[in-house]
Amino acid sequence: MAYRLKTATALIGALVLAMAVPAHAEKIFVSNEQDNTVSVIDGDSLEVVDTINVSRRPRAMALSNDKKYLFVAGGDDEAVDMIDIATHELVQTLSSGPDPEVIRVDPNRPYIYISNEDDNIVTVIDYEKRTRVTEIPVGVEPEGIGISPDGRWVVNTTETTNMAHFIDTEEMRVTQNVLVDARPRHAEFKHDGSEVWVSSEIGATVSVIDMDKFEIKHTINFDVPGVTRESVQAVGVELSSDGKRAYVALGPSNRVAVVDQETYEVLDYVLVGQRVWHLALDTAEKRLFTTNGVSGDVTVIDVETNEPQVSIPVGRFPWGVIVVE
Amino acid sequence: MSAAAYLRCFLGIVYRELLRFVHQRGRFIAALVRPLVWLIVFAAGFRMALGVAISPPYKTYILYEIYIVPGLIGMIQLFNGMQSSLSMVYDRELGSMRVLLVSPLPRWFLLLSRLAASTLVSIVQVYAFLFLAWAYGIRLPYGNALLLLPALFLTGLMLGSMGLLLSSLIKQLENFAGVMNFVIFPMFFLSSALYPIWRIKEGSPLLAQLATFNPFTYAVEMIRFSFYGQVNVHAVAVTLGVTAILLALAILGYNPARGMMARKRTTEA
């Protein structure tokens, strides 16, 4: 009897524990550009569990180095909102300079690099001291920002100048420029820091830049069967940490290209929602989340099979996506 | 009558139907070419390369070529059901029907066996088509192919019963062309086989309404949901109900005392 009671207690205990600790305790944050909100998707149920009001025209997001805060760039309010990831509460609002679009956090310092689209500068702010560190002049219409894993280099792409500007973070100034294809949108460093991948929206290419020589070592082209060339626009880029796969959002072609990081060969095109903009892998790198601006949803792709699994409706014009464990 | 006799009779009818199917290679090829033309030629023009909007059971965007497959499976079974009715008219004209119906087993059993046999033939055709769709590179959840079986069996029975009923009404072989125009085409086009109902509604709410009265729509939806491991209870209920009614009418139609055969004989005499 006592044994049975013990077994039953153990079983109930295990059950309660299993219910309390879900397999992935992930949250997916999605900025809705036209709703002035951030949708929070539960990583297990894949349902929107919360919607956070933020500054107007939220686009890029970034995480603080301690992974406790989410920064959201609010373009029309010239602000960066700092949101507590655990409570979803707005902690404070930082001044960002005019029209902040893309933000990245320095892995070594509490600095946020902000591209100010209207002012042709990259603003650096200290989110702990709430001060402006510096402003770095760049080309016309700065957009994409990437930061090397060691924090040494920040790369900023400018839509009109069509360049990738390399900012030395020790000197806080541009030391190298590389000309890329028309309207560069996004920059993403390889996890070993040896390359940076820059997507060009109008050029519909990804330029792979060698970080030793600061020159393009390869240009990736995309050709989606049955879709006009004009609809193929390369935007978001996500690279797997094992150095094998890369994912490129191809805008109004409603496709995500799966690319081999080693050979630069396009392996597959995955159909997602309308005007796919940015991408994020989950922490286990098993699922890829895409923001689909026009259809207002997030498509979840199984990375092993390259099959889209489900599309989750969020707010209007979802722009950025970030996965937090 | 013993169960063994029933079984022997059933197997005999199935064997005859399969034999006919195997010998008519042209029919098998036609059964496969027809949906393949739709899949490869028609779906290519309508590819909707930018994706078909989400509607259940799909959870995300799909290409048109994926949408159309359950409808084409339904089409295979629809043609097979009608062809089987054609062969009934043929059997009647040639007299082999009389040989079948003189069996001491109950008439409903003979007709049901005949239906089961023709359904089996249609299922073979469906799986052959799915194999070709897979080989062509259409991305479908082929792992669920076996889950389709109950839906295929029920659809085959429904369309077979309809064919059986029609064959009891058709006097001569020549009238089969009419069946083509007045049964197969409206049933196929006025359903969710080629376009989702919401899409038809955008063009004409009346046609969309008519499509919801078409039992073929429910058979196609039942197949579509089964492919994704889901049961569309509404579609299954409608298909079951329509099958029961059509089957009852067909059995009645083949009853020499009360059915159409009797009336026909009177008019012919």
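User: Start with chain A. How many helices and strands does it have?

Analyst: Chain A has one helix and 28 strands. This is a predicted model, so read it as such.

User: What is the radius of gyration of chain A, and what would a compact globule have?

Analyst: The radius of gyration of chain A is 20 Å. A compact globule of 325 residues would be near 20 Å, so the two agree. Along the principal axes, the C-alpha trace of chain A spans about 80 × 50 × 35 Å.

User: What share of chain A is buried?

Analyst: Buried residues are 50% of the 325 in chain A.

User: And contacts in chain A: what share comes from residues 24 or more positions apart?

Analyst: That share is 42%, taken over the contacts in chain A with a separation of 6 or more.

User: Why does A:Glu78 count as partly exposed?

Analyst: Because A:Glu78 has 19 C-beta neighbours inside 10 Å, and a residue needs 20 or more to be buried.

User: What about A:Met172, what is its phi?

Analyst: Phi of A:Met172 is near 55°, again positive in a residue other than glycine. The loop between strand S14 (163–168) and strand S15 (173–179) of chain A holds A:Met172. With 15 other C-beta atoms within 10 Å, A:Met172 is partly exposed.

User: Switch to chain B. What is its secondary structure?

Analyst: Chain B has 12 helices and zero strands. The radius of gyration of chain B is 19 Å, close to the 18 Å from the globule rule for 269 residues, so chain B is as compact as a globular protein of that length. The C-alpha trace of chain B spans about 60 × 40 × 35 Å along its principal axes.

User: Burial and contacts for chain B: what percentages?

Analyst: Buried residues make up 41% of the 269 residues in chain B. Residues 24 or more positions apart give 76% of the chain B contacts with a separation of 6 or more.

User: How do H3 and H5 of chain B pack?

Analyst: Helix H3 (residues 64–94) and helix H5 (residues 107–136) of chain B pack at about 145°, with axes 9 Å apart. H3(B) crosses H5(B) in a right-handed sense.

User: Which residues make that contact?

Analyst: From H3(B), they include B:Val69, B:Leu72, B:Ile73 and B:Ile76. From H5(B), they include B:Val121, B:Val126, B:Phe129 and B:Ala133. The contact of H3(B) with H5(B) divides into eight nonpolar, seven polar and no charged residues.

User: Is H6(B) mostly covered or exposed?

Analyst: Mostly covered: 17 of the 21 residues in H6(B) are buried. Helix H6 (residues 149–169) of chain B reaches 30 Å from first C-alpha to last, close to the 30 Å expected at 1.5 Å a residue.

User: And H11(B), which residues are buried there?

Analyst: Among them are B:Ala235, B:Val238, B:Thr239, B:Val242, B:Leu246 and B:Ile251. Helix H11 (residues 233–253) of chain B has 21 residues and also reaches 30 Å, close to the expected 30 Å.

User: Loops next. Where is B:Ser192 found?

Analyst: B:Ser192 is in the loop between helix H7 (176–189) and helix H8 (197–203) of chain B. B:Ser192 is buried because it has 27 other C-beta atoms within 10 Å.

User: What does B:Ser192 touch?

Analyst: Not counting residues up to four places away in sequence, B:Ser192 touches B:Ile197, B:Ala211, B:Thr217, B:Val220 and B:Glu221. B:Ser192 and B:Gly71 are 121 residues apart in sequence, yet 7.2 Å apart C-alpha to C-alpha.

User: Which residues does a cis peptide bond join in chain B?

Analyst: B:Pro56 and B:Pro57, with omega about 5°. B:Pro57 is in the loop between helix H2 (25–45) and H3 of chain B.

User: Last one. How many residues does each chain bring to the contact between A and B?

Analyst: Chain A brings 11 residues and chain B brings nine. On the chain A side, strand S27 (residues 307–313) gives the largest share, four residues. That side divides into five nonpolar, six polar and no charged residues.

Note on methods: Residues numbered from 1 in each chain as written. Chains lettered and ligands numbered in written order. Predicted model: local features only at pLDDT ≥ 70, side-chain atom pairs only at ≥ 80, totals over all residues. Axes fitted to C-alpha atoms, helices over the stretch in contact; angles between N-to-C directions. Helix = DSSP H or I, 4+ residues; strand = E, 2+ residues; numbered from the N terminus. Left-handed = near helix turned anticlockwise from the far one by under 90°. Contact = placed C-beta atoms within 7 Å. Nonpolar A, V, L, I, M, F, W, Y, C, P; charged D, E, K, R; others polar. Rg over C-alpha atoms; globule rule 2.2 N^0.38 Å. Buried ≥ 20, exposed ≤ 12 C-beta atoms within 10 Å, placed from the backbone. Expected span 1.5 Å × (residues − 1).
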